[in-house]
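These are my notebook entries on a few features that I looked up.

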Amino acid sequence: MKTESDLSRYFGDFGGAFIPESFIPILDELEAAYLKYKDEPGFIAQFDYMMRDYVGRPSPLFYAENMSKDLGFKIYLKREDLNHTGAHKINNAIGQILLAKRMGKKRIIAETGAGQHGVATATAAAIMGMECVVYMGSEDVKRQEPNVFRMQLLGAEVVSVTEGSRTLKDAMNEAFRDWLTNVENTYYLIGTVAGPHPYPTIVRDFQSIIGKEAKEQIFAKEKRLPDYLVACIGGGSNAMGLFYPFLNDEVQLIGVEAGGRGPQPGEHASSLTYGKKGVLHGSKSKIILDDYGQVGDVHSISAGLDYPGVGPEVAYLHDEGRLEAVSVTDNEAVEGFRYLTRMEGIIPALESSHAVAYLVKDKKRFGKEDIIILNISGRGDKDVNTINQLSKKNR
């Protein structure tokens, strides 16, 4: 299976740039800059240096022996939670901020849901000496208070968005408005493989360091490729980062979506499972729509998965049958959180907990000779308060 490796605007029937005419020059400028710098030796050397000496890459591929014995098949954890800032988001934040510097931008804006992309962007802006503004839905501000404080400590202004559902979708809307108003000095650092062309490709390329490392690491440990790759899917950046280097290999890809409180409209965020073709934030993808064709309400206990769409390349892979989508409920994700914590002493983000929970839930699917790489996209420090409050309610 091969997808576009250049800056094609489309992935099959998905992608494109469905935007007001006023945005076209802005995106053309971004595309030209990325094409100019992405293969430049100096840019590559600086990105590699920052990944190694600042982020702490390569992230380990850890054999989860206790889980493997308990579930009956081999599980390796790609430890993105051990990156500086605690998640995979820093890979893309560093890559794009280096691009922004070369474009002469002085101000960085971003959107965030769980706060990990906001923290990563604020971190990158701090080390590069750039102004940073992060838009965050007011609902997410409440449930991710530790990350809000971290962003502010790093010097970023956090703008609480009170419109709409007050979550990631609305934060992204406000960031687009800011960008159009301040385009001369501002770079919009999108955090996932969504948005208008060329963002889905740019983010995927920077995040594909995850899969490139994992491929080398699994060969060193097992002398063969894994049978399955498993990752949670919101917008899709951690999943595409792991999956992309394996697309042409005989490895099964499983994306775990947020099943929320159940399959009823407004109770989940399973865009691949229940979504329809539509346009959201400048690209055509699979989107959760209501009966009137408008973007529908979604829900997930995990702020990072609480989004009514997916990246266009993710939608394409699912449409082509290359990517299997499964769903895990809030309650199952909480159990996955507790399971990994108790079994391996690793506290995962609630996003990653969905992927953990799927392996527990569907363990009979896998055979004892199967090898699985599970992407732990972030650490769960930010979610401990949420789990604690749930525990108190259930006492």
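**Entry 1: Glu-163 and its partner.** I looked up Glu-163 and found it partly exposed, with a relative accessible area of 44%. The side chain of Glu-163 forms a salt bridge with that of Arg-177, at 3.9 Å from N to O. The pair links distant parts of the chain, 14 residues apart: Glu-163 is in the loop between β7 (157-161) and α8 (168-181), and Arg-177 is in helix α8. Arg-177 is also partly exposed, at 46%. For the term itself, a salt bridge is a side-chain nitrogen of Lys or Arg within 4 Å of a carboxyl oxygen of Asp or Glu. Helices (H or I, at least four residues) and strands (E, at least two) are DSSP runs, numbered from the N terminus.

**Entry 2: Basis of the values.** This is a predicted model, in which local features need pLDDT of at least 70 and side-chain atom pairs count only at pLDDT 80 or more, while totals for chains, interfaces and linings use all residues. Residues are numbered from 1 along each chain as its sequence is written, and side-chain values use heavy atoms, with hydrogens and water left out.

**Entry 3: Other salt bridges.** I noted a count of 32 salt bridges. One of them joins Asp-81 to Arg-79, with the closest N and O atoms 2.7 Å apart; both residues are buried. Another joins Asp-205 and Arg-204 at 2.9 Å, and Arg-204 is buried at 0% relative accessibility. I also found a network that links Arg-57, Lys-78, Glu-80 and Glu-213.

**Entry 4: Arg-107.** I located Arg-107 in strand β5 (residues 107-112). Is Arg-107 buried or exposed? At 11% relative accessibility, Arg-107 counts as buried. Leaving aside neighbours within four places in sequence, its contacts (heavy atoms within 4.5 Å) include Met-130, Asp-178 and Tyr-187.

**Entry 5: Strand β14.** Why is strand β14 (residues 371-376) largely enclosed by the rest of the structure? I found that six of its six residues are buried, so the strand is largely enclosed. Ile-371, Ile-373 and Asn-375 point one way, and Ile-372, Leu-374 and Ile-376 the other way. Strands pair if DSSP finds at least two bridges between them. Strand β4 (residues 74-79) runs parallel to β14, joined by six bridges, and Lys-74 stands opposite Ile-371. Strand β9 (residues 228-232) is also parallel to β14, with three bridges; there Val-230 has Leu-374 as its bridge partner.

Key:
Buried < 20%, exposed > 50% of the residue type's maximum accessible area, 1.4 Å probe, protein only.
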